[in-house]
Amino acid sequence: MQKINKLLVANRGEISLRIMRTAKEMGIRTVAVYSEADRNSPHVKFADEAVCLGPPPSNQSYLLADKIIEACKELGVDAIHPGYGFLSENAGFAKKVTDAGIIFVGPSPSSIEVMGSKLAAKNAVAKYGIPMVPGTDEAITDIQTAKIKAEEIGYPILIKASAGGGGKGMRIVKYEGEFEEQMQRAISEAQSAFGDGAVFIEKYITSPRHIEIQVLGDIHGNIVYLFERECSVQRRHQKVIEEAPSSVVSPAMRKAMGEAAVKVAKACNYYGAGTVEFIVDEELNFYFLEMNTRLQVEHPVTEMITGKDLVKEQILIAEGKPLSFAQEDLKINGHSLEVRVYAEDPKNNFLPDIGKLVTYVRPQGSGIRVDDGFEEGMDIPIYYDPMIAKLIVHDEDRDRAIQKMLRAIADYQITGIETTLTFCAFVLGHEAFISGDFDTKFVEKYFSPEKLDVKWEESELELLASLAVDVLEKKKYGLKRVSGQNGISNPRTNWKNRLI
């Protein structure tokens, strides 16, 4: 075992702050890294020490593995936490860190490498009998061979980049006539995004839900699962709203998925925090999708329902300590929701919106948490992911958590840029979300930009929260919708019509 006294966080923004707060609570000194664009960012000010890596572009700053390791040596750093994104799932970086005698707060390089390839991951877990979507078990580049495989599997099929993520290198093919064009596009995009044009084919689940399991493992072979997160509300194959637990997962299904996730972790001798992602069909059959070998953006909802600080657990595992709790010690407490606050315009196809945070006031109150990396008056850089914050709430059940989130969104004051807050309010007030009857096609089925044509003022968001209460009560007590008296329109009904 090796005690960590000084930790460098090889990341930026909200996740850097979140990691450093826990580190300081553990008596660990912190080192921030930053690009010239982030010189005045809160994570730089919060750290005990800070190192400038270079100009704003990631490949000239946050992706400079050798420079980060050099800074560790100069400052006497014991360990590096990669956060998520950037170098967090780079097996080569993890190996360089460990070879330099520095602790990598994450899994082994070999685990990252195996799970970094979707095909290698599928092959690794195959012997454990884990359900998998029908598809190829090797990369395909020959179009004619791929066509034959697609016919065997049956349309519609999904072409996916083996090294991919975030929807890049992914194409849905509904019939044979469009197969060749879509495969060429997938290969080209995968090559451009990941430097690897390898793709594979699997059956396309038409109404899928995206449900993932959080796991923790130590170097002594102990592995536990910390229940599930529902991540089905997405745009461009990327998550926007997450919750824990899922509204459709029964105790029996939760146990089966959790045990399957533990087997996935065992398949690559995993230690640290990781997430096993599953796709769930209309009959609630689940299939292994992939494993993310890092802390997830949505990890706070798991922390809220379990009472476990996942970053603290990561650090203790990295120090060589065994897990301090067993599976039977873990219980679900209440319900948690997270919305990602992106600097994007939902009325303009969710395109990034650049500008200054003229007004920036966070919501407050019991059970409300904001993980962010910006302050009022700061500019949103164009060089990085447009997420500026995560708004998380916790309450005793799902209905109350939805009401609390709507109130928190109404209290979140941001001007100077467009954000996804109004879109998130739209989702949370929609009957499909409230009922739990939704899948990854929520945006495609229910959302259109004109739904947000009217500016959602604070008073209107409060009305939306009131509407959600009405819908929740209807669900609970089987009430029918009541229109306005004497033919006069009911403002709540008008809001409901806008939502659906």
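Guide: One cut-off first: a residue is buried under 20% relative accessible area, exposed over 50%, and partly exposed in between. Also, keep in mind that this is a predicted model.

Visitor: Okay. Is Phe-86 buried, exposed or partly exposed?
Guide: Phe-86 has a relative accessible area of 29%, so it is partly exposed.

Visitor: Where does Phe-86 lie?
Guide: In the loop between β4 and α4, which spans 91-99.

Visitor: What is phi of Phe-86 near?
Guide: Phi of Phe-86 is near 45°. That is a positive value, and the residue is not glycine. Most residues other than glycine have a negative phi.

Visitor: What about phi of Phe-350?
Guide: Phe-350 also has a positive phi, near 60°. Its place is in the loop between β15 (344-345) and β16.

Visitor: Is Phe-350 buried or exposed?
Guide: Buried, because its relative accessibility is 5%.

Visitor: Let's switch to the peptide bonds. Which kind is the one from Tyr-155 to Pro-156, cis or trans?
Guide: Cis, with omega near 0°. Pro-156 is found in the loop between α7 and β6. The bond from Ala-244 to Pro-245 is cis too, with omega near -5°. Pro-245 has its place in the loop between β11 (238-244) and α9 (251-267). Most peptide bonds are trans.

Visitor: You mentioned β6. Which sheet order is it part of?
Guide: The order is β7-β6-β8, an open sheet of three strands with antiparallel pairing. Its edge strands are β7 (170-173) and β8 (199-203), and each pairs on one side only. On average, neighbouring strands here are turned by 20° against each other, direction ignored.

Visitor: How many bridges do β6 and β8 pair over?
Guide: Five, in the antiparallel sense, with β6 covering residues 157-161. Take Lys-160: its bridge partner in β8 is Phe-200.

Visitor: Which helix packs on that sheet?
Guide: Helix α7, residues 143-153, which touches β6 and β8. Its direction makes about 20° with that of β8.

Visitor: What order does the open sheet of five strands have?
Guide: The order is β3-β2-β1-β4-β5, and the pairing is parallel. At the edges are β3 (49-54) and β5 (103-104), each pairing on one side only. Strand β2, residues 29-35, pairs with β3 over five bridges. Within that pair, Val-31 has Glu-49 of β3 as its bridge partner.

Visitor: And which helix packs there?
Guide: Helix α1, residues 13-25. It touches β1 (6-9), β2 and β4 (79-81). Its direction makes about 170° with that of β1.

Visitor: New topic. How many salt bridges does the count come to?
Guide: The count comes to 39. One joins Glu-228 and Arg-254, with the closest N and O atoms 2.7 Å apart. Glu-228 is in strand β10 (residues 223-235) and Arg-254 in helix α9, 26 residues apart.

Visitor: Are those two buried or exposed?
Guide: Glu-228 counts as buried because its relative accessibility is 0%. Arg-254 is buried as well, with a relative accessible area of 14%.

Visitor: What forms a salt bridge with Arg-369?
Guide: Glu-303 does, and the closest N and O atoms are 2.9 Å apart. Arg-369 lies in strand β18 (residues 368-372) and Glu-303 in helix α10 (residues 299-306), so the pair ties together parts 66 residues apart in sequence. Arg-369 counts as buried at 18% relative accessibility. Glu-303 is buried, with a relative accessible area of 7%.

Visitor: Which residues are linked in a network of salt bridges?
Guide: Glu-212, Arg-229, Lys-239, Glu-242, Glu-277, Glu-298 and Arg-340.

Visitor: Last one. Where does Ser-111 lie, and what does Ser-111 touch?
Guide: Ser-111 lies in helix α5, residues 109-116. Leaving out residues up to four places away in sequence, Ser-111 touches Cys-268, Asn-269, Tyr-270 and Thr-293. A polar atom of the Ser-111 side chain lies 2.7 Å from the backbone oxygen of Cys-268. Ser-111 is buried, with a relative accessible area of 0%.

Conventions. Residues are numbered from 1 along each chain as its sequence is written. This is a predicted model: local features need pLDDT of at least 70, side-chain atom pairs count only at pLDDT 80 or more; totals for chains, interfaces and linings use all residues. Side-chain values use heavy atoms; hydrogens and water are left out. Two strands pair if DSSP finds at least two bridges between them. Helices (H or I, at least four residues) and strands (E, at least two) are DSSP runs, numbered from the N terminus. Axes are lines fitted to C-alpha atoms, for helices over the stretch in contact, and angles run from 0 to 180 degrees between N-to-C directions. Contact means heavy atoms within 4.5 Å. Buried means under 20% relative accessible area, exposed over 50%, partly exposed in between (1.4 Å probe, protein chains only). A polar contact is a pair of N or O atoms within 3.5 Å; within protein, one must be able to donate a hydrogen and the other to accept it, and residues adjacent in sequence count only if both atoms are side-chain atoms. A salt bridge is a side-chain nitrogen of Lys or Arg within 4 Å of a carboxyl oxygen of Asp or Glu.
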